[in-house]
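Reader: I have a new model on my screen. Please show me how to read it, feature by feature.

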Amino acid sequence: MAHIQTCPKTRLRNNEWLTFCITIRDKINSTDDDLTKFKPEYDKLCLGITNFDNSLNRLNKSEYTLQSNESKRQLNASRDGLFKKIKADLSSTHDDFVEAARSLMIVVDKFTNISHLSFEDIIGRTESIIGYFQSDEYKDAIELLSLNDRVQQLQTINNKAKHILSQKATETGQRNMIRKAPSTRRELNSAYDLLVSQLNFIARRDGDADYLNLFAFWNALIDKAHTTISLRSGATKGGGRPTAEQATNQLRRLSMMMTTIVR
């Protein structure tokens, strides 16, 4: 009777375990199997993957500081470059260029001295600058002076800055603190075990014919995890080396897995 073998999940690194679970989730999604028999357990696995993934992507203080400082520098440089282009056109030999630049200087003068502001404030002010330059009042002047690319560049940098800001949970209540990886990993482990237990039970009760391909893929992935751990740990450190029979089985399962992927 085919069954899903034991996975050394606690010995896999966080990203290895996340990748493993995502691979299983995607494999189940790609099959035509009826999920109703194990959908509650499958849904828990999907939720566990999402929560674990989010916790791994949480920015710590030092990472946030580095990214926000670099993003702030890019915002200031891009804005200053745009403003200098506008100021340069004040001395153009074309009267229409000069008139367009003068109209835009209303915005430039309003937002010139903002480099000293906080990261969050600069993002907000930059959003206002972009709003002005894309408005009906100023868009013709921007077009005439060929500054659309500059404005678009500023918007792209500001969008990246907003993403960095959103990743960092703050004490001001902007969003809830992302849960820590050890907690979300325990929940993912539990969800994984429940799904495996349910699938093995269904195979024993109803027969394994409908699950042979899925189980072969799954077990090959587990064999690959064992190999990864063995290579990292070494035989003298408890990693162990597969016996000849285990190696043969591993190659067979890996071959079956690749055949399934191709199909």
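Reader: Start with one residue. Where is the place of S146?

Author: S146 sits in the loop between α6 (139-144) and α7. Helices here (H or I, at least four residues) and strands (E, at least two) are DSSP runs, numbered from the N terminus. Residues are numbered from 1 along each chain as its sequence is written. This is a predicted model: local features need pLDDT of at least 70, side-chain atom pairs count only at pLDDT 80 or more, and totals for chains, interfaces and linings use all residues, while side-chain values use heavy atoms, with hydrogens and water left out.

Reader: Is S146 buried or exposed?

Author: Buried means under 20% relative accessible area, exposed over 50%, and partly exposed in between (1.4 Å probe, protein chains only). S146 has a relative accessible area of 61%, so it is exposed. Its phi is positive, about 55°, although S146 is not a glycine.

Reader: What is the mean pLDDT of the chain?

Author: pLDDT is the predictor's confidence in each residue, from 0 to 100. The chain has a mean of 86, and 82% of its residues reach 70 or more. Two stretches need care. Over residues 169-176, pLDDT stays under 50, and the model has nine contacts there beyond four places in sequence. Residues 235-241 also stay under 50, with ten such contacts. Contact means heavy atoms within 4.5 Å.

Reader: How many helices and strands does the chain have?

Author: There are ten helices and zero strands. Along the sequence the pattern reads α-α-α-α-α-α-α-α-α-α. Of the 263 residues in the chain, 39% are buried. Among contacts with a separation of 6 or more, 77% join residues 24 or more positions apart.

Reader: How do I check a helix length? What span should helix α8 have?

Author: The expected span is 1.5 Å times one less than the number of residues. Helix α8 (residues 181-206) has 26 residues, so it should span 38 Å. Its end C-alpha atoms are 37 Å apart, which agrees. Just after α8, G207 takes a positive phi of about 95°. Helix α1 (residues 14-30) passes the check too: its 17 residues should span 24 Å, and its end C-alpha atoms are 24 Å apart.

Reader: Which residues of α1 are buried?

Author: They are W17, L18, F20, C21, I24, K27 and I28.

Reader: Back to α8. Which residues does L194 touch?

Author: L194 lies in helix α8. Leaving out residues up to four places away in sequence, L194 touches E41 and K44. The C-alpha atoms of L194 and L45 are separated by 8.7 Å, though the two residues are 149 apart along the chain. L194 counts as partly exposed because its relative accessibility is 40%.

Reader: At what angle do helix α5 and helix α7 pack?

Author: Axes are lines fitted to C-alpha atoms, for helices over the stretch in contact, and angles run from 0 to 180 degrees between N-to-C directions. Helix α5 (residues 119-133) and helix α7 (residues 148-167) pack at about 150°, with axes 10 Å apart. Residues making the contact include F119, I123 and F133 of α5, and V151, L154 and L165 of α7.

Reader: How many disulfides does the rule count?

Author: A disulfide is a covalent bond between the sulfur atoms of two cysteines. The rule asks for a pair of cysteine sulfur atoms within 2.5 Å. By this rule the count is zero. For C7, the closest cysteine sulfur is in C21, 7.6 Å away, so it is too far for a bond. C7 is buried, at 7% relative accessibility. C46 is buried as well, with a relative accessible area of 19%.
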